[in-house]
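User: I would like to go through the helix packing and the salt bridges of this protein. Could we begin with the model itself?

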Amino acid sequence: MNLPDPRQIFALDRRAVARAFDKASASYDGAAELQERVRDELLSRLDELEVKPQSVLDLGAGTAHGSRALKRRFPKSLVVATDIAPGMLERAKLQSRWLRRFERVRADAYALPFCDGAFDLVFSNLMLQWCDDLDAVFGELARVLKPGGLLLFSTFGPGTLAELRGSWERAGDARNHVNHFFDPHALGSALMQAGLAEPVLDVDRIVAGYSSVIALMRELKAIGAHNVTQGRARGLTGRTRLDAMTRAYEELRRDGKLPATWEVIHVSAWGGERRGAGNPGMSRETFISPSAIRRRGQP
């Protein structure tokens, strides 16, 4: 019997990722309490690092609250918000004002349209978990980051949504219902492989309480964070299986709430000597320099 390749099961469907966040753009801000909390923690770490960037990339900016905060912190810097979902960048217009204006560029983290060494700071809040090819994404970040520039990001670790995953398993459903998340060792190794220097990683566990399984699932849908792996369960889940999973999850209820664990990994690293020439599918003529970004206009 040939067993399925786990790499194919947990491989992320890039088009599904873009569609999920595009659909969630209107509801995202109302449900993204955890994302706001982690973003504020990530921004606070800039106080310790004392960087003074001329150009800043907010990678996976979503509705761009982080981009606005970065522009407020670095008012003389060029701040560029990028996201794979056009709906998110459209909503980001609400955050960009003439006194705190930042630029918006639609882009995939696997093929950034920026020239080598374009940014002194790359900031990314809870986006990297939507990239399953760490060598590709860190290779691109190492390329667009100036030598000595700062990479600062947060992502989810493998303990995330352990209760939901375990409840499906106890219900006898072995299909993939929860995204795969990289552990700190894999992240650290990939950062070093890409030539990024002095990576520092630490882990924080946040346990949120929900009134019901349906409330948790609705929040995941509202922020676009539902399962988009290639091996995800297709079609509608039967009522019998859903009820069995719900009963299993209800066994975890404490103080009137169902727990959901979010394992948050915070990472910093520094730009080293650049390697390679970026995505081979993009010619150098397609790369954008920081000085040209403002001239392009916004999408």
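This is a predicted model: local features need pLDDT of at least 70, side-chain atom pairs count only at pLDDT 80 or more; totals for chains, interfaces and linings use all residues.

User: At what angle do helix 4 and helix 5 cross?
Analyst: The axes of helix 4 (residues 33–49) and helix 5 (residues 65–73) cross at roughly 20 degrees and come within 11 Å. Helix 4 is therefore roughly parallel to helix 5 (an angle under 35 degrees).

User: Which residues of helix 4 and helix 5 meet?
Analyst: Arg39, Leu43, Leu46 and Asp47 of helix 4 meet His65, Gly66, Ala69, Leu70 and Arg73 of helix 5, where contact means heavy atoms within 4.5 Å. By class, this contact has 4 nonpolar, 2 polar and 3 charged residues.

User: And how do helix 10 and helix 11 pack?
Analyst: Helix 10 (residues 213–222) and helix 11 (residues 239–250) pack at about 105 degrees, with axes 10 Å apart. That makes helix 10 roughly perpendicular to helix 11 (65 to 115 degrees). The residues of this contact divide into 6 nonpolar, 1 polar and no charged.

User: Changing topic: how many salt bridges does the structure hold?
Analyst: The structure holds 11 salt bridges, each a side-chain nitrogen of Lys or Arg within 4 Å of a carboxyl oxygen of Asp or Glu.

User: Arg143 and Glu140: buried or exposed?
Analyst: Both are buried (under 20% relative accessible area): Arg143 has a relative accessible area of 1% and Glu140 one of 3%. Their side chains meet in a salt bridge at 2.9 Å, N to O. Both lie in helix 7 (residues 134–144), 3 residues apart, about one turn of the helix.

User: Where do Asp120 and Lys146 lie?
Analyst: Asp120 forms a salt bridge with Lys146, the closest N and O atoms being 3.3 Å apart. Asp120 lies in strand 4 (residues 119–125) and Lys146 in strand 5 (residues 145–156), so the pair ties together parts 26 residues apart in sequence.

Note on methods:
Residues are numbered from 1 along each chain as its sequence is written. Side-chain values use heavy atoms; hydrogens and water are left out. Axes are lines fitted to C-alpha atoms, for helices over the stretch in contact, and angles run from 0 to 180 degrees between N-to-C directions. Helices (H or I, at least four residues) and strands (E, at least two) are DSSP runs, numbered from the N terminus. Angles under 35 degrees count as roughly parallel, over 145 as roughly antiparallel, 65 to 115 as roughly perpendicular and the rest as oblique. Ala, Val, Leu, Ile, Met, Phe, Trp, Tyr, Cys and Pro count as nonpolar, Asp, Glu, Lys and Arg as charged, and the others, Gly among them, as polar. Buried means under 20% relative accessible area, exposed over 50%, partly exposed in between (1.4 Å probe, protein chains only).
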